[in-house]
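Open the model in your viewer and switch to a cartoon display. This tour goes from the sheet to the helix across it, and then to the side chains.

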Amino acid sequence: MKILATTNAPFEFEAPEGVQVVRIDEAELVQAENLDADAAIVQGWTSPAVTQLAKEATRLQWVQTLAAGPDGVLAAGFPASVTITNGRGLHNLTVAETALTLALTGIKQVPEMLDAQRETRWEHDEFGAWRTLRPNGRLGSLIDTNVLVWGFGAIGQQIAHNFTAMHAHVKGVANTAGERAGFEVFTDADLPTLLPQTDILVMVLPSADDTRQALSAERIALLPDHAWVVNVGRGVTIDQDALVAALTAGELGGAALDVTDPEPYPADGPLWTAPNLVLFPHVAGGVAYGSNALLNDNIARLRAGETLRNVVAR
């Protein structure tokens with residue numbers, strides 16, 4: 001078995017006996033002698049190598065993406081004979097870690113404190129030696145906050161555990177209601193009731209036709225004025241114009257985003273200067289934690305003719 005493995009992202013992989021691993025740079029075309037590969041491990045984005053493999057690698061049986069969202073690979077047009085699997089589960093801990101970081105960065109006024117540091121200002125009184133959990137009507141802590149995680153798959157559940165450890169009260173929103181991982185889960189139909197009670201909304205929605213601008217102007221208006229919006233899913237799931245308008249009008253406590261629409265975000269975009277907005281350059285995942293176990297399990301399944309893990313529907 002020959003497997004092409006990307007050099008454009010770090011991951012752990014110790015190939016089993018009988019597997020030839022050929023390293024490829026996705027920014028370059030794959031050499032003709034390696035187009036006979038049986039499988040490929042790629043990032044998941046659109047690239048010259050991925051586009052070429054979809055058209056020319058006629059022996060290809062399996063493409064494994066390291067990303068949880070393999071949008072670029074799905075768009076490349078691989079034939080139905082090629083099974084595409086994603087990196088679901090590899091980024092749970094790092095994305096959840098980033099969601100918590102974003103929330104704390106915003107409500108703890110880290111950007112303002114860093115500004116004071118750069119200006120050598122010791123703002124002891126401004127930031128408060130003694131303070132309440134809700135200073136001046138805004139969020140000052142995660143303690144006793146109501147957190148709503150919208151998108152309650154494996155990453156959303158890990159986020160819920162992280163925020164619970166910080167003494168927040170967490171509920172989830174998913175396609176079906178019930179209980180998952182010990183948390184109460186609701187559906188989109190319950191948002192008109194849930195959003196007015198939400199202090200921190202954490203979004204983990206994928207990009208899809210039915211999630212585009214899911215956080216609309218109408219739904220933003222349902223959030224309390226002190227609420228924060230955290231997005232570690234996809235930028236297209238928020239109406240960014242409505243978000244900026246709410247922040248500018250003081251109708252929202254703040255927003256902390258790891259993703260935008262488009263990406264890279266343009267230098268003249270309004271998010272950069274919106275008040276109380278923290279912007280990360282899509283870095284929430286970035287660590288394929290546990291990749292060796294997933295890759296070797298799928299190799300064993302492929303050899304045995306069994307269904308692979310993390311198969312992506314097309």
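Two strands pair if DSSP finds at least two bridges between them. The model you are looking at is predicted.

Select residues 146-150 and 200-203 to start. These are strands β6 and β10, which run parallel and are joined by four bridges. Within this pair, show Leu148, which stands opposite Leu201 in β10.

Now widen the selection to the whole sheet. Eight strands make up this open sheet, in the order β8-β9-β7-β6-β10-β11-β12-β13, with mixed pairing. Go to its two edges: β8 (178-180) and β13 (277-279) each have a single partner strand, so one side of each has no neighbour in the sheet. From one strand to the next, the twist averages 20 degrees.

Next, select residues 154-165. This is helix α6, and it lies across β6, β7 (169-173), β8, β9 (183-186) and β10. Relative to β9, helix α6 runs at about 130 degrees.

Which residues does Ile159 touch, not counting residues up to four places away in sequence? They are Ala96, Ala99, Val149, Val202, Val204 and Val232.

Ile159 is also among the residues with the most contacts inside the largest nonpolar core, which has 30 residues. Others in that group include Val147, Phe163 and Val170. At least two residues of this core come from each of α3 (92-107), β6, α6, β9, β10 and β11 (228-231).

To finish, select Trp150, Leu194, Leu205 and Ala242. They are included in a second, separate core of 29 residues.

Notes. Residues are numbered from 1 along each chain as its sequence is written. This is a predicted model: local features need pLDDT of at least 70, side-chain atom pairs count only at pLDDT 80 or more; totals for chains, interfaces and linings use all residues. Side-chain values use heavy atoms; hydrogens and water are left out. Axes are lines fitted to C-alpha atoms, for helices over the stretch in contact, and angles run from 0 to 180 degrees between N-to-C directions. Contact means heavy atoms within 4.5 Å. A nonpolar core is a set of buried Ala, Val, Leu, Ile, Met, Phe, Trp, Tyr and Cys residues joined through side-chain atoms within 4.5 Å. Buried means under 20% relative accessible area, exposed over 50%, partly exposed in between (1.4 Å probe, protein chains only).
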